[in-house]
Amino acid sequence: MAAPLTSLRWRSALPAALAALAVALLTLAPVAAVLLRAGGWGQLGAGDWQALRFTLMQAVLSGALSVALAVPVARALARRRFPGRGVLVALMGAPFILPVIVAVLGLIAVFGQNGLVNAVLRSLGLPGMTVYGVHGVVMAHVFFNLPLAVRLLLQGWLSIPAERFRLAASLGLSPWATFRVLEAPMLLRIAPGAFAVIFVICLSSFAVALTLGGGPRATTVELAIYQAVRFDFDLGRAALLSVIQLGLALAAGLVALRLGAGTGFGAGLDRVQQRWDGQGATARICDGLWVALAAAFLLTPLLLVVLRGLPGLLLLGPSTWQAAGHSVSVALASTVLCIAWALPLSTRSGELVGLAGIALSPLVLGTGLFLIVRPYANPLTLALPVTALVNALVSLPFALRILRPEAEAIRADYARLSQALGLTPLAWLRLVLLPRLRRPLGFAAGLTAALSMGDLGVVALFADPDRATLPLQVYGLMGSYRMEAAAGAALLLLVLSFGAFWLFDRGGRVNADAG
């Protein structure tokens with residue numbers, strides 16, 4: 001029996017090895033192609049150093065503001081129960097899958113020259129505000145990352161055992177003392193990690209800086225890479241900027257691990273958390289205001305995208321619908337590729353391999369792939385397949401994070417029994433793994449499809465008008481000042497992105513417990 005079991009293990013490991021090899025080649029080969037074509041590393045100019053300084057500044061500001069504003073919001077959600085609370089907390093995850101270009105249009109509708117805020121300021125005789133430049137980039141990043149920070153901090157608050165708050169109340173501790181003894185240690189443990197995650201996300205900002213940057217003084221490193229490739233074709237400089245960006249991200253992660261070390265509060269009795277603090281009228285009013293302001297900031301842009309986009313749907317031409325078809329095709333191809341890699345790589349070592357997809361700039365990866373195929377085909381005709389490939393690589397770490405815990409639990413529970421029954425790797429996949437992975441698999445597929453549907457990255461480098469995706473079409477309509485048509489296209493993109501996520505996630509939940 002030992003020989004068949006050894007053979008089964010070898011055959012089961014073969015798909016993982018092939019997937020890891022494919023991901024490694026698709027990550028390393030494009031970088032090597034860029035360096036070979038450039039003849040080595042490039043040199044940084046004054047504009048690149050300005051982009052580096054601005055990137056660090058806006059990433060620090062965005063991360064600090066997101067975490068600082070998330071503290072009172074998460075605290076209010078942790079100690080208040082009100083109708084619709086569960087829906088509001090669930091909506092906190094929506095900006096993560098929201099297409100960037102849609103969010104930008106929503107923020108312009110609220111804070112732009114003709115937006116709601118400036119209309120109110122003008123009516124009061126006050127000077128208006130601008131949504132472009134540093135203000136716009138930081139505001140957009142806070143819009144995307146405030147919900148993420150709230151969710152992370154809310155989990156930290158809910159991890160404090162209810163018995164600790166009851167003990168603090170019985171000892172008569174003041175609100176400040178309760179915060180200092182119970183809540184501040186949790187924040188010191190959770191907040192650095194939340195800041196580091198947001199910092200890394202803002203380091204690689206492209207679409208936000210492209211649409212709201214407003215000039216050379218508000219250029220990020222990722223946008224500098226785009227300019228080096230698209231306008232200067234200085235591949236050596238693009239590769240050097242990509243490595244610098246990678247180094248900054250790794251340094252942020254190490255700092256977060258160092259600062260975020262610490263122990264928790266231990267286990268409680270798993271009671272529903274009941275708060276004895278903040279029962280006064282002032283505390284209730286403050287908590288209500290923070291929750292209301294956060295909800296207005298997050299939901300008003302989405303509401304305006306819907307309201308302004310409805311009339312714009314009638315202005316959409318054939319090119320926009322063709323771009324929508326391209327986006328759907330790219331999203332489906334990315335999802336199939338990502339899940340095909342994620343299933344065999346859903347192990348600890350496999351997740352490390354998958355991190356290569358976001359370790360380097362997607363623009364550099366896309367450029368390298370175009371250089372590889374250039375001797376054999378016209379790169380412009382392969383813009384959509386290359387975009388799908390890069391999107392699959394970028395989404396792979398998220399899919400692995402979703403699938404790996406459940407996949408490892410399934411292997412621990414059923415591997416020996418499956419080997420004893422003599423199941424082949426294909427039978428194991430069909431009868432054991434896939435039926436029990438339906439829920440996380442549907443969620444991972446939905447997230448991948450939504451992220452790919454709204455991506456404005458590689459396709460902005462090489463796609464011509466006949467091969468534009470819907471985000472690129474929205475950007476083009478904005479650039480030509482056809483804002484009503486852009487609003488309609490943005491609403492279509494919003495519906496397609498959330499629809500793709502809902503369909504895949506719902507498909508993973510149907511009869512998920514059967515079998």
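Modeller: This is a predicted model, and in it Ile101, Val104, Leu105 and Ile108 of helix H5 meet Pro471, Val474, Tyr475 and Met478 of helix H22.

Biologist: What makes these residues of H5 and H22 a contact?

Modeller: Contact means that heavy atoms lie within 4.5 Å, and the axes of H5 and H22 themselves come within 10 Å, crossing at roughly 35°.

Biologist: Why is H11 called roughly parallel to H17?

Modeller: Helix H11 (residues 221-230) and helix H17 (residues 362-373) pack at an angle of about 25°, with their axes 9 Å apart. Angles under 35 degrees count as roughly parallel, and therefore H11 is roughly parallel to H17. Their contact is made by Glu222, Ile225, Tyr226 and Val229 of H11, together with Pro362, Leu363, Val364 and Thr367 of H17, and these residues divide into six nonpolar, one polar and one charged.

Biologist: Which residues are the closest to the centre of the second largest pocket, and what makes a residue part of its lining?

Modeller: Lining residues have an atom within 4 Å of a point of the pocket. The second largest pocket has a volume of about 670 Å³, and of the 29 residues that line it, Leu105, Ile108, Tyr132, Met478 and Met483 are the closest to its centre. H5 and H22 are among the helices that each supply at least two residues of this lining, which divides into 17 nonpolar, ten polar and two charged residues.

Terms used. Residues numbered from 1 in each chain as written. Predicted model: local features only at pLDDT ≥ 70, side-chain atom pairs only at ≥ 80, totals over all residues. Heavy atoms only, no water. Axes fitted to C-alpha atoms, helices over the stretch in contact; angles between N-to-C directions. Helix = DSSP H or I, 4+ residues; strand = E, 2+ residues; numbered from the N terminus. Parallel < 35°, antiparallel > 145°, perpendicular 65-115°, else oblique. Nonpolar A, V, L, I, M, F, W, Y, C, P; charged D, E, K, R; others polar. 1 Å grid on protein atoms, 1.4 Å probe; cavity = no way out; pocket = protein on both sides within 12 Å on 5 of 7 lines; lining within 4 Å. Points joined across faces, edges and corners; volume = space filled by probe spheres on them.
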